[in-house]
Amino acid sequence: MSDIRVLVVEDEPLLAEAHKAYTERVPGFVVVGVAHTAREAMAVLRQRGGADVDLVLLDFRLPDLPGLDVCRALRAAGSDIDVLAVTSARDLAVVRTAVSLGVTHYLLKPFTFAAFRDKLERYAEYRRQALAEGEVVAQHEVDRMFATLRGAARHTLPKGLDEQTLNTVLAALGDGGLSATEVSRRTGISRVTARRYLEYLVSADRAVRAPRYGTPGRPEVEYRPV
């Protein structure tokens, strides 16, 4: 399957560039345009019927029109372009309207790159299943597609690692750089076990490691989430 073509719609220039950079760090995605207003977005999407766009990363709080109006315009035009909301809008009425307009995911700001990547990867897997040839032959195939889109599917962890401990390590890591020893102290697991989980996070591009200088002897390795 060819790369998924993405339009970023975000009024803050720095955030727009960050979302563009985040998107292009995820294999299989390419940004084909950036718009800073609803009208700019709709102008791009009207060109050749939006044929050059597969997915819109849409902020709902735009300076000229609500982002939901972009969704309404797409659906009124009969477009099946998918929309991933990337917004700070927490109003439940907005969430309900987004669902009714076929928004595939809803990602609240602020977020980590790991959370952003997870949404894109789930969307890519859903799209792969949805664009397959033929028909579904059983209910479980439909259920699998919806589970992939809505987040029920999980990546398989290596043998010996479990999701609960992984989440504990991630929570302990927070926003700052910690060594395996420091994570061990915060979580109560052994240093060796903490290091296994931290190294897994690095291998999965969910954390980075770097040497920590300033103490005598060999520099200690610290880990930071991404």
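## Ground rules

Because this is a predicted model, local features need pLDDT of at least 70 and side-chain atom pairs count only at pLDDT 80 or more, while totals for chains, interfaces and linings use all residues. Residues are numbered from 1 along each chain as its sequence is written, and side-chain values use heavy atoms, with hydrogens and water left out.

## The chain overall

The protein chain has nine helices and seven strands. Helices (H or I, at least four residues) and strands (E, at least two) are DSSP runs, numbered from the N terminus. Of the 226 residues, 41% are buried; buried means under 20% relative accessible area, exposed over 50%, and partly exposed in between (1.4 Å probe, protein chains only).

Take the contacts (heavy atoms within 4.5 Å) between residues at least 6 apart in sequence: 62% of them join residues at least 24 apart.

## The five-stranded sheet

Five strands line up as E2-E1-E3-E4-E5 in an open sheet with parallel pairing; two strands pair if DSSP finds at least two bridges between them. Strand E2 (29–35) and strand E5 (105–108) are the edge strands with a single partner each, so one side of each has no neighbour in the sheet. From one strand to the next, the twist averages 20 degrees. Axes here are lines fitted to C-alpha atoms, for helices over the stretch in contact, and angles run from 0 to 180 degrees between N-to-C directions.

Moving through the sheet, E1 and E3 are parallel and share four bridges, with Leu 7 opposite Val 56 in E3. E3 and E4 are also joined by four parallel bridges, and here Val 56 has Val 83 as its bridge partner in E4. Another four bridges link E4 to E5, where Val 86 stands opposite Leu 107. Two helices pack here: H3 touches E3 and E4, at about 175 degrees to E4, and helix H5 (residues 113–130) lies across E1, E2, E3, E4 and E5, at about 175 degrees to E5.

## The nonpolar core

A nonpolar core is a set of buried Ala, Val, Leu, Ile, Met, Phe, Trp, Tyr and Cys residues joined through side-chain atoms within 4.5 Å. The largest one has 24 residues, and Val 9, Leu 45, Val 56, Leu 58 and Phe 60 touch the most other members. At least two residues each come from strand E1 (4–9), helix H2 (38–46), strand E3 (55–58), helix H3 (67–76), strand E4 (82–87) and helix H4 (92–100).

Side chains in a regular strand alternate between the two faces of the sheet. In E3 both faces are covered: Leu 55 and Leu 57 are buried on one side, Val 56 and Leu 58 on the other. Leaving out residues up to four places away in sequence, Val 9 touches Ala 35, Thr 37, Ala 41, Val 56, Leu 57, Leu 58, Asp 59 and Leu 62.

Asp 59 sits in the loop between E3 and H3, and is buried at 3% relative accessible area. Its side chain reaches the backbone nitrogen of Arg 61 at 3.2 Å and makes a polar contact with the side chain of Lys 109 (3.4 Å). A polar contact is a pair of N or O atoms within 3.5 Å; within protein, one must be able to donate a hydrogen and the other to accept it, and residues adjacent in sequence count only if both atoms are side-chain atoms.

Pro 110 is in the loop between E5 and H5.

## Helix H8

In helix H8 (residues 180–187), Ala 180, Val 183, Ser 184 and Thr 187 are buried. They span an arc of only 105 degrees around the axis, so they lie on the same side of H8; the arc is that of the directions from the helix axis to the C-beta atoms. Their cover includes helix H7 (163–173), helix H9 (191–203) and strand E7 (220–225).

The face of H8 turned away from the buried side carries exposed Arg 185 and Arg 186. Just after H8, Gly 188 has a positive phi of about 85 degrees.
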